[in-house]
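Me: I am new to this structure. Please show me how to read its features, one at a time.

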Amino acid sequence: MALDTVLVANRGEIALRVIRTCREMGIRTVAVHSTADRDSAHVRAADTAVQIGPGMPRKSYLSAPAVIEAALRTGADAVHPGYGFLSEDPDFAEICADNGLVFIGPRPEVLSQLGDKAVARALMTDAGLPVLPGSPGTVDSATEATDLANRIGFPLIIKAAAGGGGRGMTVVRQSCDLLPAYRQTRATAQAVFGDNRVYLERFCDSARHIEVQVLADGHGTVLHLGERDCSVQRRHQKLIEESPAPGLHPGLSEAMAKAAVRGARAVGYTGAGTFEFLVHDEGFSFMEMNCRIQVEHPVTEAVFGVDLVREQIRVAAGEALGFKQEELIPRGTAVECRVNAEDPARNFAPCPGMLDEFVPPGGPFVRVDTHGYAGWRVPSQYDSLLAKVITWAPERGQALDRMDRALAEFRVVGPGVHTTIPLLRDVLADPVFRDGKHNTSFLDERR
């Protein structure tokens, strides 16, 4: 089934990135936007644009009826959800199908299973993937939480079953903090995700966050595209990603890749997806699966030479993947730095405002995915991601040097606007990071 028109149900750099691939494939695009985004770059890039509501996400980008109406009104035959917003909402995927629209992502029932982190953990255990000690399902009372915590031990982490994006997680280091943390995490989960269910898991202080990219089609093929190291994080949110993971033993890398393929096959996954693992002293453990394109997907694209969005669209259209596992050969190292409109000196407080100057870097093997431009006002209603800078080189050290050069060139100037660029350059110069010996505690230990 050939797709003629794709509505991109998102904003910012990911909407622009999807629109560009659609254009290369000869597919028309429809952008949706809020009133706050009427001057956004993705609106200008699409063939058609539809305003779907005010700046508040709940009334625009998170409004399934508004998105569906825009798709039907413009004659779209498919919807690409990007990441965040409605990208992992099984109800939205089902509504798309009910209205004759192709949802570019996995089937609704798969989204429903893997979107519940506690269910996903149980499914992957059944598929033979290693998991950290934790609760067998969600924890519905303080008494149950106490009993389980005594069995799991401290430190442990309380996670929202419907969580994502680094939100709805609390680390508990001693028993006296358990019940307040349990109640607070449930309240946060209810407020953010509309679902107060949580589960418990052992917490590893010095682990690495490693994830494996998979692609699967509807013809029984499931492939992996290596791993990414995403250990540089603040508040469980990633800042720097790279592929391949530095210093990872080839045997461990291969074992994780095989586990990811096995897990995807076990649930009948289709499209692009990511298995997130913790690597620790005892090996590796499954954390969760992200059923969408990831923010950090460009590092995998740079290393493998595969357009992941293009493959998503082809698979959704019923086509088979165009390559075999043995044809996926990684080359060199790619690094991605997220440039956020935030002030690291004020605990990463968002810094919306007018961009008087916005000059992204260039040069050899430098890619910048951004929706920013001079004269554009960074809105206060959305995620603060302003740009992603990706560099590639045959060797990791050269890729890092190239990244530092690129960040030094990047000019972002506006009243009250700060970015994470100075912090990113500090990290790039840190000997621990340079030696590839960092873990998820790296930033906390530096501050």
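Me: Where is Pro 106 found?
Reply: First, the ground rules. This is a predicted model, in which local features need pLDDT of at least 70, side-chain atom pairs count only at pLDDT 80 or more, and totals for chains, interfaces and linings use all residues. Residues are numbered from 1 along each chain as its sequence is written, and side-chain values use heavy atoms, with hydrogens and water left out. Next, the terms: helices (H or I, at least four residues) and strands (E, at least two) are DSSP runs, numbered from the N terminus. Now the case: Pro 106 is found in the loop between β5 (102–103) and α5 (108–115).

Me: Is Pro 106 buried or exposed?
Reply: Buried means under 20% relative accessible area, exposed over 50%, and partly exposed in between, using a 1.4 Å probe and protein chains only. Pro 106 has a relative accessible area of 3%, so this residue is buried.

Me: Which residues does Pro 106 touch, not counting residues up to four places away in sequence?
Reply: Contact means heavy atoms within 4.5 Å. By that rule, and with residues up to four places away in sequence not counted, Pro 106 touches Leu 111, Tyr 269, Thr 270 and Cys 291.

Me: Where does Leu 16 lie, and which residues is Leu 16 in contact with, leaving aside neighbours within four places in sequence?
Reply: Leu 16 lies in helix α1 (residues 12–24). Its relative accessible area is 7%, so Leu 16 is buried. Leaving aside neighbours within four places in sequence, Leu 16 is in contact with Ala 41, His 42, Ala 45, Thr 370 and His 371.

Me: How do I read a nonpolar core?
Reply: In soluble globular proteins, nonpolar side chains tend to be buried together. A nonpolar core is a set of buried Ala, Val, Leu, Ile, Met, Phe, Trp, Tyr and Cys residues joined through side-chain atoms within 4.5 Å. Here the largest one has 50 residues, and Leu 7, Phe 92, Leu 114, Phe 275 and Phe 277 touch the most other members. Helix α3 (residues 64–73) gives the largest share of this core, six residues. Apart from it lies another core, of 37 residues, including Ala 31, Ala 46, Ala 78 and Leu 328.

Me: Which residue stands opposite Leu 7 in β2?
Reply: Two strands pair if DSSP finds at least two bridges between them. Strand β1 (residues 5–8) runs parallel to β2, joined by four bridges. Leu 7 stands opposite Val 30 in β2.

Me: How many residues of β2 are buried?
Reply: Six of the seven are buried, so β2 is largely enclosed by the rest of the structure. His 33 lies in this strand (residues 28–34). With a relative accessible area of 7%, His 33 is buried. Leaving aside neighbours within four places in sequence, the contacts of His 33 include Arg 38, His 42, Tyr 61 and Gly 53.

Me: In what order do the three strands of the open sheet stand?
Reply: The order is β7-β6-β8, with antiparallel pairing. The edge strands, β7 (167–172) and β8 (198–202), each pair on one side only. Between β6 (residues 156–164) and β8 there are five bridges. There Lys 159 stands opposite Tyr 199 in β8.

Me: Which helix packs on that sheet?
Reply: Axes are lines fitted to C-alpha atoms, for helices over the stretch in contact, and angles run from 0 to 180 degrees between N-to-C directions. Helix α6 (residues 117–126) packs on the sheet and touches β6 and β8, and its direction makes about 50° with that of β8.

Me: At what angle do α7 and α8 pack?
Reply: Angles under 35 degrees count as roughly parallel, over 145 as roughly antiparallel, 65 to 115 as roughly perpendicular and the rest as oblique. Helices α7 (residues 142–152) and α8 (residues 178–193) pack at about 125°, with their axes 10 Å apart. That makes α7 oblique to α8. The contact is made by Ala 142, Ala 145, Thr 146 and Ala 149 of α7 and Leu 178, Leu 179 and Tyr 182 of α8.

Me: How many residues of β21 are buried?
Reply: In strand β21 (residues 385–393), nine of nine residues are buried. Strand β14 (residues 333–340) pairs with β21 in the antiparallel sense over eight bridges. Ala 334 stands opposite Trp 392 in β21. Strand β19 (residues 366–370) also runs antiparallel to β21, joined by five bridges.
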